[in-house]
Amino acid sequence: MDFHHIACNYNHMGIVATLKLPEDSPNVVAWQRHLPDGGFLALLPLTQGFSSMVWSMNAKEAKRVASLSEDAFVDAINDALWKVQPRSGFVDQATQTFDNLIRFFNLPSTSMTQCPPKVLGCDIKSRAMFPLGIGHATNYVSKGVALVGDAAHRIHPLVGQGVNLGFGDVICLNKVLAEAVYAGSTLGNLQYLKNYETERQRFNVPMILVVHGLFQLYSTQFTPVVILRSLGLQATNALTPLKKFLMSQAAGLRPQQA
Ligand SMILES: Cc1cc2nc3c(=O)[nH]c(=O)nc-3n(C[C@H](O)[C@H](O)[C@H](O)COP(=O)(O)OP(=O)(O)OC[C@H]3O[C@@H](n4cnc5c(N)ncnc54)[C@H](O)[C@@H]3O)c2cc1C
């Protein structure tokens, strides 16, 4: 089968595990902390007292962290979540000034401090490690064949969109195959499959580029870039319609009509 695939590895690994959290407060918030090495640690709520973790870091450090004992692993997670990282005075000054401006216009501010949960334990059997990279097939279809999900495209998990892209492929392919059958054509008709490829590549390629851009943006500690991304986050939080639009895009939904 003649499929062309472009791929690049980030030399980063993603460590996943199921974590035990305190049960005395509702577990309904997803957390994500960006770390100075360009990695991030995300906690995604499962049920009361349990969250799924994705922690990305450079490959060498990942091998060390993935071989820690259970207690040392939990300590390392809490350290990554809670440790006060060195801050740049310039960045603090810029974000404080911007926050004052946001408050002046009575817009939502990000200055309220929220604390992540304390991790109590880890199901060590759930710990696994995956290489992270970017990949895209230049063609998704061939006669009688269609690629969906990670077979067609792979992105960094930093925005948690990998599965949604795959779901979008399946919904679109289902629609295109129904159209083919309704028109009296065969399921493998390349003409119809090409419609699937075009529609999905128009959505997937910009998303892949945005996620790659975000990965690069968070991989540097160069002060002007840190200021720009911090102000960008504050502005996005302050502009509620923009924030709602981005959230709906991330959830694969259309923005709600007011
Ligand atoms: C560390 C990490 C964290 C992630 N976090 C998130 C997240 O928070 N949110 C999100 O949306 N996405 C996340 N993703 C991405 C998400 O996991 C993938 O996008 C998604 O799993 C892709 O689904 P898929 O069915 O296309 O492929 P896969 O999940 O890879 O499934 C393919 C299946 O096919 C099987 N298979 C392969 N070859 C053969 C063969 N020859 N014969 C039979 N079976 C075969 C494989 O064993 C596998 O079970 C993350 C990815 C990683 C690596």
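This report covers a sheet, the helices on it, a helix pair and an annotated span.

The model is predicted. Start with the sheet. Strands of a sheet pair through backbone hydrogen bonds, either parallel or antiparallel. Here, 6 strands form an open sheet, and the pairing is antiparallel. Their order is β2-β3-β4-β1-β5-β8. β2 and β8 stand at the edges with a single partner strand each, so one side of each has no neighbour in the sheet. β2 pairs with β3 over 4 bridges, in the antiparallel sense. In one of them, tryptophan 31 has leucine 43 of β3 as its bridge partner.

| Helix | Residues | Strands touched or crossed | Angle |
|---|---|---|---|
| α1 | residues 59-66 | touches β1, β4 and β5 | about 140° with β4 |

Next comes a pair of helices. Two packed helices are described by the angle between their axes and the distance between the axes. The axes of α3 (residues 89-104) and α6 (residues 223-238) come within 9 Å and cross at roughly 20°. Angles under 35 degrees count as roughly parallel, so α3 is roughly parallel to α6. The crossing is right-handed. Phe90, Phe98 and Ile102 are among the α3 residues in the contact, and Val226, Ile227 and Leu231 are among those from α6. The contact residues divide into 10 nonpolar, 4 polar and 1 charged.

Finally, the annotation. An unreviewed UniProt entry marks residues 123-203 as "domain: FAD-binding". This span is 43% helix and 26% strand, and its end C-alpha atoms lie 37 Å apart.

Note on methods
Residues are numbered from 1 along each chain as its sequence is written. This is a predicted model: local features need pLDDT of at least 70, side-chain atom pairs count only at pLDDT 80 or more; totals for chains, interfaces and linings use all residues. Side-chain values use heavy atoms; hydrogens and water are left out. UniProt positions are given in the numbering used here, feature names are shortened, and annotations may be inferred rather than shown by experiment. Helices (H or I, at least four residues) and strands (E, at least two) are DSSP runs, numbered from the N terminus. Axes are lines fitted to C-alpha atoms, for helices over the stretch in contact, and angles run from 0 to 180 degrees between N-to-C directions. Angles under 35 degrees count as roughly parallel, over 145 as roughly antiparallel, 65 to 115 as roughly perpendicular and the rest as oblique. A crossing is left-handed if the near helix is turned anticlockwise from the far one by less than a right angle, and right-handed if clockwise. Contact means heavy atoms within 4.5 Å. Ala, Val, Leu, Ile, Met, Phe, Trp, Tyr, Cys and Pro count as nonpolar, Asp, Glu, Lys and Arg as charged, and the others, Gly among them, as polar. Two strands pair if DSSP finds at least two bridges between them.
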